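Hi,

Here's the structure I said I'd pass along.

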Amino acid sequence: MKKQILSFAVVALLALGLQSCEKKEPKPADEELTLGNKVDSLTTDIEEVKDSAVSKTEDAAAKAKDATENAVQEVKDGTKKAAADVKDAAKKGAEKVENAAKAAKDGTVKTAKEVNEALKK
């Protein structure tokens, strides 16, 4: 009976030891797999953010280019209009000077004729 109790105790200790050994051993394959999945997930997230940032930067650059081209065209149009306005103003000024000169000439000739007529009388 003592042998049976001792045998039973030894078997129980071996079973307990075996269970504790199984619990203490981590499963590196599962942990590595989980860590690998996390790394893959983070890498994918980083790539998506990078692609999104590149896309947004390209869109912003395209908009800036369009805005610059529009501004350049507006400046060209404004310059052409200003040049046309200056040309028109100069032309009108020249016409006024010419008309004033003609009026002065006509006035001088007319006055000279009157003086001559007055002298003849």
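Asp85 and Lys81 sit 4 residues apart in helix H2, so about one helical turn separates them. Their side chains form a salt bridge, with 3.3 Å between the closest N and O atoms. Before you read too much into that number, keep in mind that this is a predicted model.

How exposed are the two partners? Asp85 comes out at 40% relative accessibility, so it counts as partly exposed. Lys81 has a relative accessible area of 55% and is classed as exposed, because the cut-off for that label is over 50%.

Lys50 and Glu47 meet through their side chains in a salt bridge, at 3.9 Å from N to O. The cut-off is 4 Å, in case you want to check how that distance stands against it. Both residues belong to helix H2, which covers residues 28-120, and they are 3 residues apart, again about one turn of the helix. As for accessibility, Lys50 is partly exposed at 45%, and Glu47 is partly exposed too, with a relative accessible area of 37%.

How many salt bridges does the rule give in total? The count is 2.

Now for the chain as a whole. Its secondary structure amounts to 2 helices and 0 strands. What share of the 121 residues counts as buried? The figure is 0%, where buried means under 20% relative accessible area. The accessible surface of the chain is about 11,300 Å², and carbon and sulfur atoms account for 63% of that surface.

That's what I have for now.

Cheers

Conventions. Residues numbered from 1 in each chain as written. Predicted model: local features only at pLDDT ≥ 70, side-chain atom pairs only at ≥ 80, totals over all residues. Heavy atoms only, no water. Buried < 20%, exposed > 50% of the residue type's maximum accessible area, 1.4 Å probe, protein only. Areas by Shrake-Rupley, 256 points an atom, 1.4 Å probe, with all protein chains shown as cover.
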